[in-house]
Amino acid sequence: MNKRIALALVAGVTSVGFAALTPALATNFAVLLGSSERPDADKARDADRKPAEVMAFAGIKAGTKVAELAPGGGYYTRLLSAAVGPTGHVYTFAGRPSAAVEAWAKNHANVTQRVGLPDDSLAPVPVDVVWTTMNYHDFKNNKVGETDAAAKFNAAAWVVLKVGGIYLVNDHEAAPGAGSSVTQTHHRIESAAVIREVEAAGFRLVGKSDLLRHAADDLNKPLRDSERGKTNQFLLKFKKVKR
């Protein structure tokens, strides 16, 4: 199993300075994925979401401090909590509380749920990774004053990240040229638009992954009409560099 995961990762990733998923790391993530604490509904989604490879791509390891934006039902909150261990921490951040995150945090001291606006502090301490999966297009649909929430979160991510820290963005790809014009109607966004916006906030794109790409997905189709888990998704890794 370890060899299979490692080969799949190497085949699907192009990245600057990215280390492959080693057998030891693959074993560790395999144990996390199989944990009896994880809901069966989470495990059923693993084949499509490829969480071991995604976490390795972002550099998640024991001791990592993470700010997770819009955790939703806590799929990644639970995995990140297990992966960073007792010496790491996961700070979730959203506009409203998540019952799933609250339930997990009650029994896992390395998870803290934070509620606020996008221009608030994402975490009380500097973090190694800011993480958001399948949310960026929704951020574009919300305004904070005259500015969309995506721009606010990009700025907040810059502030909370350590120099050299990683900003991971995963979302549903839109058709070439669509930019951010279909975020409300199709719940998709073009990766090129995300790259432009995040780099404008000061970050440098240091990695792309094809792990979650599905060529058969019709990029002109609204998300609601697409098969769950089979949308063509982009996975981008940005780094905070000194200005």
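Visitor: Is D46 buried or exposed?
Guide: D46 is buried, because its relative accessible area is 12%. Buried means under 20%, exposed over 50%, and partly exposed in between, using a 1.4 Å probe and protein chains only. This is a predicted model: local features need pLDDT of at least 70, side-chain atom pairs count only at pLDDT 80 or more, and totals for chains, interfaces and linings use all residues. Residues are numbered from 1 along each chain as its sequence is written, and side-chain values use heavy atoms, with hydrogens and water left out.

Visitor: Where is D46 found?
Guide: In helix α4, residues 46–49. Helices (H or I, at least four residues) and strands (E, at least two) are DSSP runs, numbered from the N terminus.

Visitor: And what does D46 touch?
Guide: L33, R38, P51 and Y75, leaving aside residues up to four places away in sequence. Contact means heavy atoms within 4.5 Å.

Visitor: New topic. At what angle do α2 and α6 pack?
Guide: About 135°, with axes 10 Å apart. Helix α2 is residues 23–33 and helix α6 is residues 75–84. Axes are lines fitted to C-alpha atoms, for helices over the stretch in contact, and angles run from 0 to 180 degrees between N-to-C directions.

Visitor: What do you call that arrangement?
Guide: α2 and α6 are therefore oblique to each other. Under 35 degrees is roughly parallel, over 145 roughly antiparallel, 65 to 115 roughly perpendicular, and the rest oblique.

Visitor: Which residues make the contact?
Guide: F29, L32 and L33 of α2, with L79, A82 and A83 of α6. By class, the contact of α2 with α6 has 6 nonpolar, no polar and no charged residues. Ala, Val, Leu, Ile, Met, Phe, Trp, Tyr, Cys and Pro count as nonpolar, Asp, Glu, Lys and Arg as charged, and the others, Gly among them, as polar.

Visitor: What about α2 and α5? How do their axes cross?
Guide: At roughly 130°, coming within 10 Å. Helix α5 is residues 51–58. That angle makes α2 oblique to α5.

Visitor: Which residues meet there?
Guide: L25, F29 and L33 in α2 meet P51, A52, M55 and A56 in α5. They divide into 7 nonpolar, no polar and no charged.

Visitor: Last one. Which residues touch the most other members of the largest nonpolar core?
Guide: V130, Y136, Y167 and F203, in a core of 30 residues. A nonpolar core is a set of buried Ala, Val, Leu, Ile, Met, Phe, Trp, Tyr and Cys residues joined through side-chain atoms within 4.5 Å. The largest share of this core, 7 residues, comes from α9.
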